[in-house]
Amino acid sequence: MAQSAQWPDRQASRYLGKDIPRVDGPTKVTGAAKYTYDVVLPGMLYGAILRSPHAAAQVRSVDASAARAMPGVVAVLTDIGRAARFAGEEIAAVAAETEEIARDALKAIRVDYEVQPFVSNTLRGKDIPDRVGEPQVNSRGEDPDTLWAQAAAVVEGEYYVPVREHLSLETHGVVVRWDADDALTCWCSTQAVHGVAGELAAGLGVPRQNVKVICEVMGGGFGSKFSPGVEGLTAARLAKAAGRPVKLMLDRYEEQVASGNGPDAYMQCKAAATSDGRILAIKADLFGTGGYSRRWAVPFPYSTYTVPNVRAAMHGVQTNAGSQRSLRAPGHPQGCFLTETVVDELAVALRMDPLEFRLRNVRGGVWDQQLRLGAERIGWSRRASLPKSGRFRRGMGAACTTWGGGGRGGSVCEVRIGNDGSVWAGIGTQDLGTGTRTYVAAIVAEVLGVSIERVTADIGKSTLGNSGGSGGSVTAASVSPAVMMAALSARERLAQTAAAMLGVPAGEVRFADGNASAQGRSVSFAEVCAKLPSGGIEVTGQWNQALQRSGVGGVQFAEVEVDMWTGGIRVIKVVAVQDCGYYLNKLATESQVIGGVIQGVGMALLEDRKMDNGTGRQLNPNMETYKVPGSLEIPDIDVVLFDTHDQVTGIGEPPVIPTAAAIGNAVFDASGVRMRRLPMTPKRFFDAQEGRMV
Amino acid sequence: MNNFAWLEPKGLAEASQALKEGGAALGGGIELLCLLKDSLVTPATVVNLKSVSGLNGIRANDGIEIGALATLTQIAQHERIRSSYRALAQAAESVGSPQIRNVGTLGGNLCQRPRCWYFRDPEVHCLKKGGAKCFAVGGDNEYHAILGGGPCYIVHPSDLAPALIALNATVSTSARTMALEEFFRLPAQRMDHETALEEGEIVTGVKVPAEMAGWKSYYYKARERESFDWALSSCAVALRTSGSTVQEARVVLGGVAPIPWRSKEAEAALRGKTLDESVAEAAGRAAVAMAEPMSENRYKVALTRNVVKIALLEALK
């Protein structure tokens with residue numbers, strides 16, 4: 001059975017592939033859902049972290065005597081960090097009776113810093129040799145320098161995608177309670193309950209099985225919340241020192257300077273195409289920063305196109321800024337924007353329709369089909385008649401995306417059915433906000449033929465069966481096969497009891513609408529459960545490769561209006577054609593695509609972490625000046641789920657990848673202004689129009 | 001944020017005295033809370049002006065009088081303001097988000113401190129905070145001044161002020177009444193605050209003269225994010241016209257200078273002219289003729305030229 005498992009036909013299903021409202025939606029909108037931030041324990045203290053104001057410094061000494069003497073201060077740690085590599089790096093910490101006392105105590109700690117020189121950002125650091133790592137060269141085919149002469153079109157330019165932040169609404173943080181000298185419970189806003197448990201155990205020197213991590217619901221992670229982080233380990237140490245539970249949640253400033261970011265990408269590029277509309281060669285030097293580490297690369301040229309001759313050198317730049325962490329499709333939005341802008345420029349240089357040029361150069365049939373479909377949905381044929389003069393001008397652009405999204409082995413789901421008819425499914429995954437809890441319940445309900453309300457989906461605890469972190473869009477394809485296999489196994493057991501009750505072979509029993517039926521007879525699900533031997537069913541299911549698959553393509557088209565007088569860009573519509581395989585919950589899948597597009601609009605128009613060269617500090621560590629879209633920035637979004645196969649594939653990441661590139665290409669189509677630097681603000685518009693580049 | 005005492009003064013005199021003794025005035029609290037949280041002010045007392053009577057409300061009789069505690073929403077929705085002093089309603093409606101407009105007040109909007117990211121960083125000791133230099137000079141000055149700057153290059157963040165100055169408003173305080181245009185101070189004149197307010201002085205309201213109801217006005221604000229943002233550049237215009245001929249014009253810029261910037265140059269370019277696109281363009285050019293952009297804000301020159309043009313052309317509609 002295991003090998004032949006398959007997902008139910010959506011036409012005949014009750015839940016799967018349909019619109020399933022989130023099972024925890026009501027608790028979230030009423031405020032009943034308890035986030036880490038909401039956890040309050042008896043005797044709990046509040047932790048806070050002292051951070052370096054300097055971008056680069058050695059700590060000579062820390063004097064916390066005044067802080068220790070303050071009423072309400074219970075524990076102080078002065079050995080968290082002995083050096084600062086960015087402004088915001090952790091130095092010391094306190095736990096106190098109130099958050100206010102904790103913050104006041106931080107101000108009372110005297111740190112003697114030996115301040116050192118710093119480099120704040122890529123554009124400054126790329127020209128300083130000892131800040132630049134050894135290049136990684138992506139090389140194939142001929143040296144492009146030998147090919148320019150035979151090209152029909154050559155384009156050349158500088159491009160820049162800035163550092164972007166995750167900007168989770170719920171900041172990073174934990175509540176830690178020691179249950180014994182070597183055992184603790186940690187409520188953590190995380191996308192990896194098992195991963196956090198392992199890191200806490202290793203970091204604190206306690207047995208892994210003595211660490212319980214809980215994340216019932218969480219307010220966004222986007223790749224930044226796999227680890228307990230310095231704050232998690234610090235809270236645990238404070239709690240140990242104080243002998244009381246400690247809550248330590250980052251504030252918005254801390255969240256923005258110290259909890260990760262998506263790296264930037266600066267590029268100098270020369271590219272060429274042939275007279276028959278094929279990309280001939282790309283030569284590029286790319287620079288970007290992951291913070292202090294010199295590790296950095298983006299996928300370039302982006303793999304959606306056939307580029308026969310490439311020399312692309314990636315240079316990691318060491319800067320005194322917060323470290324990178326995975327940010328929703330790490331590297332891909334950058335690689336896609338850089339590639340798709342160059343591709344669009346080549347089409348323009350050849351005087352070829354950019355859609356036609358893409359059709360000639362995409363690497364596979366999926367993009368070919370999707371480009372044609374997307375063009376129809378946006379009305380690409382209207383493009384020529386859109387207004388191209390006067391103050392308000394309109395245009396259209398396109399870009400392609402690709403991602404994996406297959407599952408990873410190792411997930412284990414347990415299903416229990418009681419004699420009272422209760423159904424429980426438990427798996428140690430977590431809901432990053434994607435609707436995991438809902439499809440766990442829906443799969444079990446579907447297989448057992450019961451209402452989703454009857455199923456309790458228990459997730460978000462490291463004491464439940466193993467499952468990996470929610471990153472790389474792997475969760476659905478990792479979790480759902482294990483849940484499916486557990487549910488099928490439970491149904492087999494139910495069928496045996498039902499078969500005996502109905503006097504039919506077990507293989508003939510069908511479960512639907514709360515009943516078990518065969519040969520025209522039926523008994524209710526509850527009646528079958530009441531007759532289950534030995535008090536009920538407890539089964540586990542393992543991940544099954546046959547139920548999932550990796551590899552998706554997608555395209556997006558954008559229509560924009562450019563105000564030539566102000567440089568204001570209004571995104572009117574985005575068509576997102578997303579390859580997605582078997583979607584478990586249509587509503588949540590479309591919602592994922594919509595969320596990706598909105599984040600892509602932010603990347604296109606607003607998001608830009610700014611590090612100051614003079615002070616070494618972030619200039620916009622708040623949501624006033626680090627801007628993300630509001631309601632008026634969000635376009636009409638037309639989601640087209642393009643299911644090419646019937647296995648589950650994750651699509652959390654691919655929809656964010658092409659949006660900015662499609663918008664940039666549409667802006668050029670509308671205005672004739674090629675915006676090679678993001679975000680496309682009025683400043684960047686006038687800078688590009690007046691020839692001020694990167 | 002430091003600990004502070006809370007005072008509900010019985011009247012202006014008590015409030016004024018408390019401010020002189022190290023208090024901070026609280027109207028809607030939007031701005032004060034920002035300043036407190038970043039420890040940019042550490043008052044001994046927070047003085048709740050809402051306990052003082054007579055600072056509320058909007059009175060439309062001879063012109064329009066607006067109390068310092070009138071909210072931005074009240075101003076934006078006031079029927080007489082919408083019909084007769086359009087630029088003011090538009091300016092009020094352009095501030096922040098609905099939640100901010102429901103709480104933020106006229107007085108707070110006029111007296112708010114700069115949004116400069118160096119000024120707002122608690123760790124940066126800039127000129128405005130008694131430091132030795134303006135970090136925007138040679139730093140990231142994308143949002144800074146192109147007119148009237150030096151030695152500090154903040155821009156004034158108020159949306160209401162340009163509209164009110166275009167409408168020739170006067171401002172009253174606990175001590176005096178003056179033209180609102182005279183209320184603001186360039187950094188070269190005064191570094192520690194952007195207004196003429198003296199210690200203990202409290203804004204009580206503004207008045208727009210009745211004759212301005214006959215003028216055509218408009219407020220246009222260019223920003224990065226339509227949902228919720230400060231002006232990159234804004235322009236309030238008020239025109240007294242005869243047919244399509246401009247008899248008299250008042251043109252005030254926001255977001256480009258350390259104070260709401262009245263452009264006499266643009267006004268001169270309009271006087272006696274028939275307002276069409278080329279005249280509006282010429283007025284826009286005149287408004288930025290003296291602009292001195294910094295390393296990262298050259299875009300504001302073209303943008304402001306066009307913002308003036310848009311405000312003028314829209315004012316006629």
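Which residues does B:Val237 touch, not counting residues up to four places away in sequence?

**View 1. The surroundings of B:Val237 in a predicted model.** B:Val237 touches B:Ala166, B:Ser217, B:Tyr218, B:Ala249, B:Arg250, B:Val251, B:Ala311, B:Leu312 and B:Ala315, leaving aside residues up to four places away in sequence; contact here puts C-beta atoms, placed from the backbone, within 7 Å. Residues count from 1 along each chain as its sequence is written, with chains lettered from A and ligands numbered from 1 in the order written. Since this is a predicted model, local features need pLDDT of at least 70 and side-chain atom pairs pLDDT 80 or more, while totals for chains, interfaces and linings use all residues.

**View 2. The largest nonpolar core.** This core has 257 residues, and those with the most contacts inside it are A:Val444, A:Val483, B:Val237 and B:Ala311. A core joins buried Ala, Val, Leu, Ile, Met, Phe, Trp, Tyr and Cys through C-beta atoms within 7 Å (buried: 20 or more other C-beta atoms within 10 Å of a residue's own, all placed from the backbone). Helix α12 (residues 475-502) of chain A gives the most to this core, with 14 residues; helices are DSSP runs of H or I, at least four residues, numbered from the N terminus.

**View 3. Where chain A meets chain B.** The contact takes 25 residues from chain A and 24 residues from chain B. On the chain A side, helix α16 (residues 682-689) gives the most, with four residues.

**View 4. Burial in chain A.** Of its 694 residues, 60% count as buried. Its C-alpha trace spans about 80 × 70 × 45 Å along the principal axes.

Note on methods. Two residues are in contact if their C-beta atoms, placed from the backbone, lie within 7 Å. Helices (H or I, at least four residues) and strands (E, at least two) are DSSP runs, numbered from the N terminus. A residue is buried if 20 or more other C-beta atoms lie within 10 Å of its own, exposed if 12 or fewer, and partly exposed in between; C-beta atoms are placed from the backbone.
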